[in-house]
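Please have the sequence and the structure open while I talk.

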Amino acid sequence: MIKQSSSNPLISVIVPVYNTEKYLGRCIDSILNCTINDFEVILINDGSTDRSGEICRRYCRKDPRVKLYDQENAGVSAARNKGIEVSRGEWIIFVDSDDTISHDFLEIVTRREYQKQDMLIFDHTERKKRLKSGRRSKITGNARIIKIGKRANSVRMIKKILYAKPLTKNGNTNLRSPCAKAYKKAVLDRYAIRFSQDVFIGEDKLFNMEYQLRAKSCIYIPRTVYFVEWRGDSLTHRFQPQYVKNYYMFQKRLKMLLQENKIWGDLERAYYENILTAVTEVLVYGIFNPRSTRTYEENRKLCHEIHNNEIYRSAYRYSEKTGIIPRRILLHFFNRKNYMAVNLICRLSYVVLHKVR
């Protein structure tokens, strides 16, 4: 590992790495090509079995701003947490190893007028859309300060996360993801905010909600600085045998977070709406996924477990009243235990979602 300098950088860019040799060089180059130098790049090689580790070491030898930490495979949450622990910057930025950032992302974070904020939120887009347009990103409006330390604003922000809504009508923010954002290291450490390592889908939501409950203020900067590489084989979209177990763990952790911070009464409906959306994802990607090796009877048993779940039964009353039409149709058949129809809808949905991309 390259010896660190005595002075601390202003920004730490944390990149979890796992078997992304096809994209990794492009990702690191986009960071190193930024218009400032006051940053470090922390690569956490999470037990990669391809050439990712070799690529990381090559960049370490070439640029002293790049630091590499190897660990046995423990998942993206453990990798991000390791990055937070070893980081030295005032600001923390997360970049996935298959994505890229704009040349001015880090420079914007260093601007003097933003240093008193606890969080900076930016826009993102898919990388292929950026390449197709051929246009450079530009600021599309005025920066907007949000005092999230006030209860009403905190509730409003978390409600947007639960409903998967952007921050503004015309913006392209993803409040659930840690990407396209800048966090204050001091806030993360003061309140011991870390990614949950026993929840592998939904851990980003928990992390962002906990941070926003602790932060005093943030600012939304309407500029597209983050470019996502959509991959059909990503963790979110591939078959996960433990998806159902993860779903139960996530819903309990989420409810506990809202209750501990005394905002459950304000967000009870939004919580159950989020649970219903999570159920549709579980059905499509975790139970009736075309790549599943389980039998139909095993899938039926998992569906019965969901029906018998206390939290789902509480959410049931919203299932046919709100939400997008495809979700309402799927849950209509699911609630009537017509699993043949559910199986067909899930398989068609899986195919359509991947063809659209």
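Predicted model: local features only at pLDDT ≥ 70, side-chain atom pairs only at ≥ 80, totals over all residues.

The axes of helix α1, residues 24-32, and helix α2, residues 52-62, come within 10 Å and cross at roughly 25°, where axes are lines fitted to C-alpha atoms, for helices over the stretch in contact, and angles run from 0 to 180 degrees between N-to-C directions. That makes α1 roughly parallel to α2, the term for angles under 35 degrees. Helices here are DSSP runs of H or I with at least four residues, numbered from the N terminus.

Residues are numbered from 1 along each chain as its sequence is written, and side-chain values use heavy atoms, with hydrogens and water left out.

Which residues in α1 and α2 meet? From α1 there are Leu24, Gly25, Ile28, Asp29 and Leu32, and from α2 Ser52, Ile55, Cys56 and Tyr59, contact meaning heavy atoms within 4.5 Å.

Turning to helix α8, residues 203-214, its twelve residues reach 17 Å from the first C-alpha to the last, close to the 16 Å expected at 1.5 Å a residue, that span being 1.5 Å times one less than the number of residues. Ten of the twelve residues of α8 are buried, so α8 is largely enclosed by the rest of the structure; buried means under 20% relative accessible area with a 1.4 Å probe, protein chains only. Among the buried residues of α8 are Glu203, Asp204, Lys205 and Phe207.

Conventions. Helix = DSSP H or I, 4+ residues; strand = E, 2+ residues; numbered from the N terminus. Parallel < 35°, antiparallel > 145°, perpendicular 65-115°, else oblique. Buried < 20%, exposed > 50% of the residue type's maximum accessible area, 1.4 Å probe, protein only.
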